[in-house]
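Take a look at the chain shown here. The report below walks through its loops, a helix, its domains and its cores.

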Amino acid sequence: MAFDLLLTNARLIDSEALTDIAVQGGRIAAIAPGLPREAGEILDVGGCLVSPGFIETHIHLDKSGIIGRCGCEPARNPHGAMERVSAVKHSFTVEDVNARARATLEKSISHGTTIMRTHCEVDPKVGMRGFQGVKALVDAYAWAIDLEICVMPQDGMLDNPGTEELMIEALKSGATVIGAAPNYDRDRHGQIRRVFELAVEFDVDVDMHLDSGTNPHDMDVILVCELAERHGWQGRCAIGHGTKLASATPERFLEVTHRMAQAGVALTVLPATDLFLMGRDQTENVRRGVVDGVAMLRAGALANLSTNNVQNPFTPFGDAQLIRMANLLANVTQRGDAADLRMVWDMFTAHSARLLRRRDYGLAVGNPADMVVVDAPDPVQALRDIAPVLYGFKRGRRSFTRQRAELHPPA
Ligand SMILES: [Zn+2]
């Protein structure tokens, strides 16, 4: 056999021509039309888009799928979601976390995600149980997805004694990224500085929950930019949410965006959670609070998008489908033109790869054959349709198949 796998009649991003993609030894061996029909598996994808696998850089597997045990929302309190999760953390066992995280991870895989960074919280209430429940999935699902863990103090760190010790324990036992949630400590900047010290000590990238709120002149990301430069962490820092930017004037938006670009700090937009939680202080004209990632990209910063929460008090919905999340972001930020949608596609593919510093990402000869077949001819149509992903491949091995719906008209 010439190849292990051959996809025929594929459409690549930004190309209308049909081509073939050959895989050998888990890597892309050739991309050209008319390759020899000799392979262990030959799949005619019928003109569908073949994209690099999708990347989720910000999701919470450990607390996904708990909405059923969290009761009703007591009030429109901006901190209510964190409090409702915190109130049920005692019920998390390793087995419970593992089962819920597994279910969410399998949804992610089945919608085309092949690389994931999951945030995982530790604190005296949950101990290491969330971390252990998720960590067991890293090897168990390596056949379908590269999974890395960002350890974070969701309930605060400086004001929550015992949390820092657990963060360090996680960093010593498999967490490869460190996160933060400074809104839950009285000294926000103190938490950010301490997290940076730990990042340097353990030589790990930083990915913080930051700047949820409405005042664009009180943004912690400015400190993150300073610390990134001071520690040489440019290109190794991301923040999630950043909703204060959604309340900025165009001038302030550009000022902050340029600062982030200069310091190599990326923004991950989390549209579902931001839409669900923002504007809790309002009774009418409730603000959207979702940052226009396309505008950030046009201004030269790195922006991507992710799912964040799935079926918990922060976001009581979700199926970990990144094409759907991208459609939501485009819709709410009023980005409907083809050029804009093409940029949104990069926000869960190429730009997410940049954020994770994956240099071997993309459909090119020699790269790992992480690919998905999308039921649309191109990224723009896929986002307009919320097109399903029909097949996924991890290092050249098929990881899932999704059947097209079939109509049954009367004979
Ligand atoms: Zn998050």
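Arginine 357 sits in the loop between α12 (350-355) and β14 (371-374). Helices (H or I, at least four residues) and strands (E, at least two) are DSSP runs, numbered from the N terminus. This is a predicted model: local features need pLDDT of at least 70, side-chain atom pairs count only at pLDDT 80 or more, and totals for chains, interfaces and linings use all residues. Residues are numbered from 1 along each chain as its sequence is written.

Arginine 357 has a positive phi near 60°, and is not a glycine. Alanine 320 also is not a glycine, yet has a positive phi of about 60°. Alanine 320 lies in the loop between β13 (303-305) and α10.

Are these residues buried or exposed? A residue is buried if 20 or more other C-beta atoms lie within 10 Å of its own, exposed if 12 or fewer, and partly exposed in between; C-beta atoms are placed from the backbone. Alanine 320 has 27 other C-beta atoms within 10 Å, so it is buried. Arginine 357 has 10 within 10 Å, so it is exposed.

## Helix α2

Helix α2 (residues 94-110) has 17 residues. The expected span is 1.5 Å times one less than the number of residues. That gives 24 Å, and the end C-alpha atoms are 24 Å apart, which agrees.

The buried residues of α2 include Val97, Ala101, Leu105 and Ile109. Buried residues of α2 pack against β6 (54-59), β7 (113-121), α3 (129-140), β15 (389-394) and β16 (397-401). Just after α2, glycine 112 takes a positive phi of about 105°.

## Two domains

The chain is divided into domain 1 (3-47 + 363-401) and domain 2 (54-355). These bounds come from an automatic or database domain assignment. Over C-alpha atoms, the centres of the two domains are 30 Å apart.

How many residues of domain 1 are in contact with domain 2? There are 14, in contact with 19 residues of domain 2. Contact means C-beta atoms, placed from the backbone, within 7 Å. On the side of domain 1 that touches domain 2, α13 gives the most, with four residues.

## Nonpolar cores

A nonpolar core is a set of buried Ala, Val, Leu, Ile, Met, Phe, Trp, Tyr and Cys residues joined through C-beta atoms within 7 Å. The largest has 119 residues; Val151, Val224, Val265, Ala326 and Val344 touch the most other members. Helix α10 (residues 322-332) gives the most to this core, with six residues.

Conventions: Two residues are in contact if their C-beta atoms, placed from the backbone, lie within 7 Å.
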